[in-house]
Amino acid sequence: MGDYIDQTFATPGTTARTVAEMLRLGGLTSARRVCEIGPGTGRYSEKVIEALHPETYLIYETATDWWPHLRALPHAVVQPCDGHTLTPTPTASIDLVHAQKVFVYLPFETVMGYVDDMIRVARPGGVIAFDVITEECLTDDLVTAWIAAGTIYRPVPREWLIEYLGRHGVHFRGSCLVRLVEGRTELLVFRKSG
């Protein structure tokens, strides 16, 4: 299904390139425990599972209609989801915690609640990755179009966010720009101090 979504609703190959870049920046070739926030169709989940072969793949998804599909992914465990925390996941237990094409739609306080919980659940040396709309993603023409259309996207301040994670012992590893249906996002990759 992920490849179909990628071919039909995105630029073909975007999902695979995004996952490959996330893993490269994070220095990951394997991971025992992975956690994903908002996998939706599972298109990123499929590529991460294919690349890392985790023993456990925790999923936090609010759209219950996707649960049957997501439960069919190898080693997937759908977690109880309140839409703003990772409460069921134990502290310092995850090798990779990530979110793709989720935070761009959420209010700032919800994004930061998730970021705090990503910091909590990542093990020492674990990788945290997510994409957001930063000032790197904006152009005057794009902002004008978003205003005219009544955009649902929610930018966040890049440098402050990187410094915030740094103050919590999570160090910036790098980023890349990723296509969004109406613009682009910036995938930020971090590693927790070990």
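Is G42 buried or exposed? At 0% relative accessibility, G42 counts as buried. The model described here is a predicted one.

**Packing of α5 and α7**

- Helix α5 spans residues 108–121 and helix α7 spans residues 158–167; the two pack with their axes 11 Å apart, at an angle of about 30°.
- Angles under 35 degrees count as roughly parallel, and α5 and α7 are therefore roughly parallel to each other.
- The crossing that α5 and α7 form is right-handed.
- On the α5 side, the contact is made by F108, M112, V115, D116 and I119, which meet W160, L161, Y164 and L165 of α7.
- The residues of this contact divide into 8 nonpolar, no polar and 1 charged.

**The buried side of α7**

- Within α7, the buried residues are R158, L161, I162, Y164 and L165.
- These residues lie on the same side of α7, because the arc they cover around the axis is only 155°.
- After α7 comes G169, which has a positive phi, near 80°.

**Positive phi at residues other than glycine**

- A92 is not a glycine, yet its phi is positive, at about 55°.
- A92 sits in the loop that runs between β3 (76–78) and β4 (94–99), and with a relative accessible area of 36% it is partly exposed.
- K101, likewise not a glycine, has a positive phi of about 55°.
- The loop between β4 and α5 holds K101, which has a relative accessible area of 14% and is buried.

**Buried positions in strand and loops**

- I37 belongs to strand β1 (residues 33–37) and counts as buried, at 1% relative accessibility.
- Leaving aside neighbours within four places in sequence, the contacts of I37 are Y60, L86, H98, A99, Q100, V102, F103, Y114 and M118.
- I37 and T62 are 25 residues apart along the chain, and their C-alpha atoms are separated by 9.2 Å.
- The C-alpha atoms of G42 and I59 are separated by 9.5 Å, with the two residues 17 apart along the chain.
- T134 lies in the loop between β5 and α6 (140–149), and this residue counts as buried, at 0% relative accessibility.
- Not counting residues up to four places away in sequence, T134 touches V156, R158 and E186.

Note on methods. Residues are numbered from 1 along each chain as its sequence is written. This is a predicted model: local features need pLDDT of at least 70, side-chain atom pairs count only at pLDDT 80 or more; totals for chains, interfaces and linings use all residues. Side-chain values use heavy atoms; hydrogens and water are left out. Axes are lines fitted to C-alpha atoms, for helices over the stretch in contact, and angles run from 0 to 180 degrees between N-to-C directions. Helices (H or I, at least four residues) and strands (E, at least two) are DSSP runs, numbered from the N terminus. Angles under 35 degrees count as roughly parallel, over 145 as roughly antiparallel, 65 to 115 as roughly perpendicular and the rest as oblique. A crossing is left-handed if the near helix is turned anticlockwise from the far one by less than a right angle, and right-handed if clockwise. Contact means heavy atoms within 4.5 Å. Ala, Val, Leu, Ile, Met, Phe, Trp, Tyr, Cys and Pro count as nonpolar, Asp, Glu, Lys and Arg as charged, and the others, Gly among them, as polar. Buried means under 20% relative accessible area, exposed over 50%, partly exposed in between (1.4 Å probe, protein chains only). The arc is that of the directions from the helix axis to the C-beta atoms.
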